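Welcome! Try each task before reading its solution.

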Amino acid sequence: MDVLEKFLHNIAYKFPKGYPDMNNDQDVLLLEAMVSEVLDEKFNLEETNLSRSQLKKYESRVRKFVQQILAKTPFETIDGEVINITSLIDGSKEFDLQSDEQEMIDSIISNQGTLLVKGNIDDKDVVLNSNKLKKTADYGGKGAGSGTKVEDAALADAVFGLNKLNDGKAVDISFNGVIYNDIVTATTVPKTPKADFSFDNSKGERVIFISHKAGSKAKDFQQYGGVTLVEDHPEVKSFVDAVKENLQDPNQMEPGRGFRRKVKDPELIRKIVYGFDFQPKENYGINNVQGLLQGPLKFTKVDKEDTGEPIYELSSNHTILNPDLPEGEYEAYFYVTMRRNRNQFGIKDARFGVYTEAYNRSSLEI
């Protein structure tokens, strides 16, 4: 019996049928809540599959999905089986392996409702809802390397979006009150600075630096950043001391427990959100980003007042601009949660970081 089987066996009694019925909304919600408690992070079953809504989060994700079908590359199902897809059914329209790629992409993006795939599993013909296909790490799902896959998806979407604006030619982009000319591409920033990727001009210069987060709500993304580089800050020390005072053993984090406290120092917040080289609205770089963008990037066309030439304003589901402080559900909070084999500040199995206020309201405020 593997770990998953043991987990399901231990919780089976909580469900009316003795197991979670995935066709019952209440069972699904209960299962998500229990998995979230174990993982100590928000878990959504839909986010583990390739439903239409998950595909449409990034246009580049839709393109990858269609290209994988047309290339006859197998998909993995959420049940661990392998399916070779032979056609895609979107409403009354069926697309086969000779269909036009762009027509398939446009159909997925423009339509609503159930998306079906035909194919075979172990030589048996099947028709599945696309939400039965597993969202692997390549699509931003859980798995090895998945921590960067969401940013990779956002980067691919940025490049794809840029190419659509002016048939691949250079464009002018407005962001955080500045117009940046001659932007031709977006590229990843290596290693782990604050910037996940940048927009670059035709000279190869990085000019717009972006910290990217997934989702559309404050509780969707994991954290603004860690506290290791600011461990000597009085607020950090005070929070650590308060955590230890609230633990039965000050050197051991306890299962199911979490603590939080609002961050008060505005300069500390800005360093965590924009990078440790933070300077207000100047000297931007990989550790002093112009802004944080959440979810798919958006390019809104406006015209220059003097020439009428197009400029594209960059935004997202939620945007935080240097040097603004996050507000409301996005306010910065210290959190500590249990993470096996993560030891910080002399506390075993503890992970400290700065998250949004909405991240985990069940944590004890101290």
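Helices (H or I, at least four residues) and strands (E, at least two) are DSSP runs, numbered from the N terminus. Keep in mind that this is a predicted model.

**Exercise 1.** Find where Lys-281 is, and decide whether Lys-281 is exposed, partly exposed or buried.

Solution. Start with the place: Lys-281 sits in the loop between α8 (266-274) and β11 (291-294). Next, recall that buried means under 20% relative accessible area and exposed over 50%, with partly exposed in between. Lys-281 has 46% relative accessibility, so it counts as partly exposed. Finally, look at the backbone: phi of Lys-281 is near 55°, a positive value in a residue other than glycine.

**Exercise 2.** Check whether the span of helix α4 agrees with its number of residues.

Solution. Helix α4 covers residues 59-70, which is 12 residues. The expected span is 1.5 Å times one less than the number of residues. For α4 this should be 16 Å, and the end C-alpha atoms are 17 Å apart, which agrees. Among the buried residues of α4 are Val-62, Phe-65 and Ile-69. Just after α4, Lys-72 takes a positive phi of about 65°.

Notes
Residues numbered from 1 in each chain as written. Predicted model: local features only at pLDDT ≥ 70, side-chain atom pairs only at ≥ 80, totals over all residues. Heavy atoms only, no water. Buried < 20%, exposed > 50% of the residue type's maximum accessible area, 1.4 Å probe, protein only.
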